[in-house]
Amino acid sequence: MNGAADERKEYFIRSDDGRIPLTYRRAFVAPFKRTPRRHHHADFEIAVFGSGSGMYTVGGREYEIRPGDVFLFSTDEVHCITEIHGDGMNYSMIHFSPSFIWSRHEKNGLHLLKVFFNRSESFTNRIDRDNPSTARIVSLVEQIGKELERGAAEYELMVYVRLAEILVLL
């Protein structure tokens, strides 16, 4: 991001072979405005905005960002926060590879990830704010952050369970 990050915490899960199949990031970013850039990555992304407002540009489409918003991005989908207004913005995001889901649940892995692959004409990257599942997804993302921060016994399993619940809700 182009704005100055006043606060940034990052946690991740590392697999036995050294790869990082899941990263959780929580940050506060100061206000800024920039032209869209070609930001994309190989992982899926779920982003949750806790405070502040701004604009997200995804491909040629712009979305307003408000507190409580949830955004989804598939692999290699170009997306960029182009504006953050007012006093800045708090957000949390999860980046995860398909292997994080498949390695734990091969049978239903692809089914859980269908929201990233099977998109209808009416698909939007921002989950409808009025959808009853949106508040639950926000809560689950926060819980994933707490599990990673604590690192208690079986925290990786708890992260997987919460992420799987998010994917079921989606």
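**Exercise 1. Threonine 124**

Determine which residues threonine 124 contacts when its neighbours within four places in sequence are left aside, and state where threonine 124 is placed.

*Solution.* The model is a predicted one.
- Step 1: With neighbours within four places in sequence set aside, threonine 124 is in contact with Arg61 and Tyr63.
- Step 2: Threonine 124 sits in the loop that runs between helix H3 (114-117) and H4.
- Step 3: The relative accessible area of threonine 124 is 27%. Buried requires a value under 20% and exposed a value over 50%, so threonine 124 is partly exposed.
- Step 4: Between threonine 124 and valine 58 there are 66 residues of sequence separation, while their C-alpha atoms are 9.7 Å apart in space.

**Exercise 2. Threonine 134**

Classify threonine 134 as buried or exposed, and identify the element in which threonine 134 lies.

*Solution.* 
- Step 1: Threonine 134 belongs to helix H4, which covers residues 132-150.
- Step 2: Its relative accessibility is 4%, and threonine 134 therefore counts as buried.
- Step 3: Beyond four places in sequence, threonine 134 is in contact with Gly68, Val70, Ile127, Asp128 and Arg129.

**Exercise 3. Positive phi angles**

Locate aspartate 76 and glutamate 154 in the chain, and give the phi of aspartate 76 and of glutamate 154.

*Solution.* 
- Step 1: Aspartate 76 occupies the loop between strand E7 (70-73) and strand E8 (79-84). Its phi is near 60°, a positive value in a residue other than glycine.
- Step 2: Glutamate 154 occupies the loop between H4 and helix H5 (155-169). Glutamate 154 is not a glycine, yet its phi is positive, at about 60°.
- Step 3: Glutamate 154 has 57% relative accessibility and so counts as exposed.

**Exercise 4. Alanine 164**

*Solution.* 
- Step 1: Alanine 164 and proline 36 are separated by 128 residues in sequence and by 31 Å in space, C-alpha to C-alpha.

**Exercise 5. Nonpolar cores**

State how many residues the largest nonpolar core has and which of them have the most contacts inside it.

*Solution.* 
- Step 1: The largest nonpolar core has 31 residues.
- Step 2: Those with the most contacts inside this core are Leu22, Ile46, Phe96, Ile101, Phe116 and Leu163.
- Step 3: Excluding residues up to four places away in sequence, leucine 22 touches Tyr11, Phe12, Ile13, Ile94, His95, Phe96, Phe100, Leu148, Val159 and Leu163.
- Step 4: Another core, of 16 residues, lies apart from the largest one and includes Ala27, Ala47, Phe49 and Met93.

**Exercise 6. The whole chain**

Describe the order of the secondary-structure elements, and compare the radius of gyration with that of a compact globule.

*Solution.* 
- Step 1: The protein has five helices and nine strands. Read from the N terminus, the order is β-β-β-β-β-β-β-β-β-α-α-α-α-α.
- Step 2: A compact globule of 170 residues would have a radius of gyration near 15 Å; the protein has 16 Å, which agrees.
- Step 3: The C-alpha trace spans about 40 × 40 × 30 Å along its principal axes.
- Step 4: Of the 170 residues, 45% are buried.
- Step 5: Among contacts with a separation of 6 or more, 70% join residues 24 or more positions apart.

Key: Residues numbered from 1 in each chain as written. Predicted model: local features only at pLDDT ≥ 70, side-chain atom pairs only at ≥ 80, totals over all residues. Heavy atoms only, no water. Core = buried A, V, L, I, M, F, W, Y, C linked by side-chain atoms within 4.5 Å. Buried < 20%, exposed > 50% of the residue type's maximum accessible area, 1.4 Å probe, protein only. Contact = heavy atoms within 4.5 Å. Helix = DSSP H or I, 4+ residues; strand = E, 2+ residues; numbered from the N terminus. Rg over C-alpha atoms; globule rule 2.2 N^0.38 Å.
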